[in-house]
Amino acid sequence: MAANAGWKGLPWKLAAGAVVGLVLLFVLWTRDSGTPEASAPPPAPPAATAAAPAPQASPGPPAITASAPQPGAAPELLREPEPEPGEDVPQVHPVDLSVLRAKLPDNRYWELAAPTTDPDVLRRRVEDERRWNDAYGKVLSGEATEEEVRQYYAHRRAVSEDMIAFASTVLAEYGDRLPEQERGLYELSINMHRTRLKELPGQERDSLAHRQAQEQRRQAWRQGQQTP
């Protein structure tokens with residue numbers, strides 16, 4: 001009885017991991033949103049694993065990036081559905097990650113947020129997080145070059161566009177078969193990333209202006225040092 005319950009819950013755990021990954025990813029980027037005076041960047045998303053014996057491993061609701069909880073997503077939305085008492089048939093989640101990977105092979109979801117326990121993938125995620133954290137630190141301090149500022153915001157733009165594409169494809173292919181909770185989380189992820197895309201141009205302009213002001217201050221200081 002206990003063994004059956006464990007197997008029945010597994011596909012839903014995998015699905016929840018995929019969704020939580022999407023929303024987590026947004027949270028990471030949200031932590032470093034705003035003008036160059038804002039604070040620090042994001043952590044890396046976690047991952048779920050293996051599937052039940054027969055069913056394929058599939059995703060679930062959208063993910064919010066990293067550690068901090070997302071204000072819009074209530075804890076109950078992240079819970080997996082409870083199996084019906086006395087049910088003996090394993091529940092198979094409708095979303096098939098292998099099908100989605102074939103449709104969106106270059107989407108950054110696979111690299112940044114897809115459920116995994118592969119140590120190489122997890123290591124790359126940590127390295128990627130550290131690299132973009134360092135880039136954001138330079139943007140905040142005004143030490144980044146103009147090209148580095150533009151690269152940073154181009155990366156953030158590409159991540160949000162890919163997360164929207166992934167969640168939209170899930171809803172288009174499986175939306176009518178998803179539990180209402182998960183469908184709502186995918187829709188939440190799309191809305192959050194769309195909002196982020198609207199904010200990025202202004203943030204990029206502010207960062208470039210901040211960089212220019214810092215450069216002018218440095219030049220004025222150097223000239224003052226050279227003046228007898």
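The chain has six helices and zero strands. Both element types are DSSP runs, numbered from the N terminus: helices are H or I with at least four residues, strands are E with at least two. Along the sequence the pattern reads α-α-α-α-α-α. This is a predicted model, in which local features need pLDDT of at least 70 and side-chain atom pairs count only at pLDDT 80 or more, while totals for chains, interfaces and linings use all residues. Residues are numbered from 1 along each chain as its sequence is written, and side-chain values use heavy atoms, with hydrogens and water left out.

**Stop 1: the whole chain**

Show the surface. The chain exposes about 11,800 Å², and carbon and sulfur atoms supply 53% of that area. Accessible areas come from the Shrake-Rupley method with a 1.4 Å probe; for residues, only the protein chains shown count as cover.

Now colour by burial. Of the 228 residues, 43% are buried. Buried means under 20% relative accessible area, exposed means over 50%, and partly exposed lies in between (1.4 Å probe, protein chains only).

Among contacts between residues at least 6 apart in sequence, 81% join residues at least 24 apart.

**Stop 2: the largest nonpolar core**

Select Leu100, Tyr109, Trp110, Phe166, Val170, Leu178 and Tyr186. These residues have the most contacts inside the largest nonpolar core, which has 20 residues. A nonpolar core is a set of buried Ala, Val, Leu, Ile, Met, Phe, Trp, Tyr and Cys residues joined through side-chain atoms within 4.5 Å. Colour by helix next. At least two core residues come from each of α2 (97-103), α3 (108-112), α5 and α6. Helix α5 gives the most, with eight residues.

Then move to a second, separate core of ten residues. Trp132, Ala144, Tyr153 and Leu208 are among its members. In soluble globular proteins, nonpolar side chains tend to be buried together.

**Stop 3: aromatic pairs**

Show the rings. The structure holds six aromatic pairs. Rings of Phe, Tyr and Trp (its six-membered ring) pair if their centres lie within 6.5 Å; planes under 30 degrees apart count as stacked, over 60 as edge-to-face and the rest as tilted.

Pick tyrosine 109 and phenylalanine 166. Their rings are stacked, at 3.7 Å centre to centre and 15° between the planes. This pair links distant parts of the chain: tyrosine 109 is in helix α3 and phenylalanine 166 in helix α5, 57 residues apart. Tyrosine 109 is buried at 0% relative accessible area. Phenylalanine 166 is also buried, at 0%.

Next, pick tryptophan 132 and tyrosine 152. This pair is tilted, with 6.2 Å centre to centre and 50° between the planes. Tryptophan 132 sits in helix α4 and tyrosine 152 in helix α5, 20 residues apart. Both residues are buried.

**Stop 4: salt bridges**

Switch to charged side chains. A salt bridge is a side-chain nitrogen of Lys or Arg within 4 Å of a carboxyl oxygen of Asp or Glu. By this rule there are 14 salt bridges.

Select glutamate 148 and lysine 138. They form a salt bridge, with the closest N and O atoms 3.0 Å apart. Glutamate 148 lies in helix α5 (residues 146-174) and lysine 138 in helix α4 (residues 119-141), so the bridge ties together parts that are ten residues apart in sequence. Glutamate 148 is partly exposed at 29% relative accessibility, and lysine 138 is partly exposed at 34%.

Move along α5 to arginine 157 and display glutamate 204. Their side chains meet in a salt bridge at 3.0 Å, N to O. Arginine 157 lies in helix α5 and glutamate 204 in helix α6 (residues 180-226), so this pair ties together parts that are 47 residues apart in sequence. Arginine 157 is partly exposed, at 25%, whereas glutamate 204 is buried, at 11%.

Stay on α6 for glutamate 199 and arginine 196. This salt bridge spans 3.3 Å, N to O. Both residues lie in helix α6, three residues apart, about one turn of the helix. Glutamate 199 is partly exposed, at 33%, whereas arginine 196 is buried, at 3%.

Finish with Glu143, Glu215, Arg218 and Arg222. Salt bridges that share partners join these residues into one network.

Notes: Contact means heavy atoms within 4.5 Å.
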